[in-house]
Amino acid sequence: MADRNPSIVVVGAGVAGLAAAKKLEEYGFNDVTVLEASEKFGGRVATAALGDVCVDTGAQYIHGASEKNPVYCLLKKSGHLNQIPEMGKETFYSNKGHKVDANFARCAYEAGEEIIRYRGSNTGRSLGEHYAEKTQSVIDSLQDDDEKPRMQSVFALVGKDMLIDVGASDLHRISLDSWQYYINMGDSLNVAGSMFQLVDMLLEDFPKDRLLLKREVSKIKWDGSFSVAPPHNEPLPTHTESASQEKARQYPVCVICENGEEILADHVIVTISLGCLKAQASSLFIPSLPTEKMEVIDKLCFGNIAKIFLEYEEAFWENDVGSISLIYEDDTPASVSTNKMQWLKNVQSFSVLRPKERFGNILIGWCPADIADLVETMTDDELSTAITDHLKMFFGRSNIPQPKSILCTKWRSNKFIKGSYAFLPVGVDGQVMDTLAQPLVGSRHPDQDLQILFAGEATMKTLYGTVQGALLSGHREADRLAAHYKKTVAPTSTTSLDKQV
């Protein structure tokens, strides 16, 4: 099969799928089709309109603002990082209705972050257990008894913010070994309003007739022998295959769409989210996925994060503010988890969209996991009223207005995504992501290698949960097929700045 022009189908037009498709084109594969279930390209890199402003409903941070990160390099080279605004100052408020000393809060926060960012290795413990233990040691060592509860409440804030970072409901569910294989590419950079440029760059120059929207895939039949006759006007080849063989060209994979369309392929790269795999893997593939792959899909967790965009006529915060953190004075690091009955306790982190000249007066409220699931079901009025009362309590002001418009992301209820990104629960080693990434080997046609390949952030133990993880996973599968077909000319496009990870 390696002597013919292979037919390749990419399922999913998020960053992983688009990166794979573009790199395959750069390698010289010219029969690459991308199927996207929704009406938009980009997957979890997404935008929406809020009034006259375009906001990032999906990814807005580059996790690793350095030359090691291909996403950073792409956006920098294209000029989209030239006008990244200053982050603005951090402000902290107490549930008693007053400001918390920013210097104290920042110092305490940094101390908590250093503890919670610990990279465990084969400990088998939870992040929650580690964090509660280590922060308690710090608190016990303090000489000033008045300082202890203040420090404790900031440590709790760090823990709650980590739930947002991970998309989890309880620190005790998160593995302390989550980042033992992780590649640290540097500090995070907020690129609000610019991330979608990455999708535009990946779409650039790719044949538009090969990008098919609203093509939800219902079945992927593999390890088979599917045939299709060539079009009547297509001349028969003169090479070694006979005319009768060419008329019945065989493909090992058949992709069936919800609309009844069938697409035959030599290779299919599946880039759908872990959330969709959890919901559909058992019925999507015929024959079924190997047991070890199904077990990985079941073991890994797929979190959720909600962003609540609040647009105001006028800002009630100071001009130089970049973030607002809300601290409950009775919170402790040992109690960091979510409770839907007190969901507002996990809406403690707000960021200001900057610069004001571009975005106006917009706050983003962040919340994790089951709290995110809950707010997705609430009406704009319910959210607006509850969050306004919440802010009034912390600011100690009754004149904070309701927002003039509000937008809440809905990643969990998006049937083609079903959440935010993967995380590792206690007792699960990141190496299982390597198992998820392994291509399927057919038993009936073992000579037809790499029939089904897998990409996406959840297949990257070194970079899961990041945009660059998704991008590099797509490149990995394109490289795998290029090696299979002995295509040795390295791509030279600007989208191929990655090194092997």
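A residue counts as buried when its relative accessible area is under 20%, as exposed when that area is over 50%, and as partly exposed in between. The structure is a predicted model. The notes below treat a buried arginine, a buried asparagine, a pair of helices and the buried residues of a further helix.

**Arg249**

- Arg249 belongs to strand β11, which covers residues 249–251.
- With a relative accessible area of 16%, Arg249 falls under the 20% limit and is therefore buried.
- Apart from neighbours within four places in sequence, Arg249 contacts Arg4, Asn5, Pro6, Ser7, Phe226, Ser227, Val228 and Asp266.
- Two of these residues also meet the side chain of Arg249 through polar atoms: the backbone oxygen of Asn5 lies 2.8 Å from one of its polar atoms, and the side chain of Asp266 makes a polar contact of 3.4 Å with it.
- Between the C-alpha atoms of Arg249 and Gln136 there are 68 Å, the two residues being 113 residues apart along the chain.

**Asn304**

- Asn304 is located in the loop that runs between β16 (301–302) and β17 (305–312).
- Asn304 has a relative accessibility of 0% and so counts as buried.
- The side chains of Asn304 and Asp373 are joined by a polar contact of 2.8 Å.
- Beyond its neighbours within four places in sequence, Asn304 touches a set of residues that includes Gly167, Cys367, Pro368, Ala369, Glu376, Trp411, Arg412 and Ser420.

**Helices α4 and α5**

- The axes of α4 (residues 127–140) and α5 (residues 147–166) come within 10 Å of each other and cross at roughly 160°.
- Angles over 145 degrees count as roughly antiparallel, and α4 and α5 are therefore roughly antiparallel to each other.
- Their crossing is right-handed.
- On the α4 side the contact is made by Leu127, Tyr131, Thr135, Gln136, Val138, Ile139 and Asp140, and on the α5 side by Lys148, Met151, Gln152, Phe155, Val158, Gly159 and Met162.
- By type, the residues of this contact comprise 8 nonpolar, 4 polar and 2 charged.

**Helix α8**

- In α8 (residues 274–284), the buried residues include Leu274, Gly275, Cys276, Leu277, Ala281 and Leu284.
- Among the elements that cover the buried residues of α8 are the strands β9 (217–221), β15 (285–286), β16 and β22 (422–423), together with the helices α9 (291–299) and α13 (432–437).

Notes
Residues numbered from 1 in each chain as written. Predicted model: local features only at pLDDT ≥ 70, side-chain atom pairs only at ≥ 80, totals over all residues. Heavy atoms only, no water. Axes fitted to C-alpha atoms, helices over the stretch in contact; angles between N-to-C directions. Helix = DSSP H or I, 4+ residues; strand = E, 2+ residues; numbered from the N terminus. Parallel < 35°, antiparallel > 145°, perpendicular 65-115°, else oblique. Left-handed = near helix turned anticlockwise from the far one by under 90°. Contact = heavy atoms within 4.5 Å. Nonpolar A, V, L, I, M, F, W, Y, C, P; charged D, E, K, R; others polar. Buried < 20%, exposed > 50% of the residue type's maximum accessible area, 1.4 Å probe, protein only. Polar contact = N/O pair within 3.5 Å; in protein donor to acceptor, adjacent residues only side chain to side chain.
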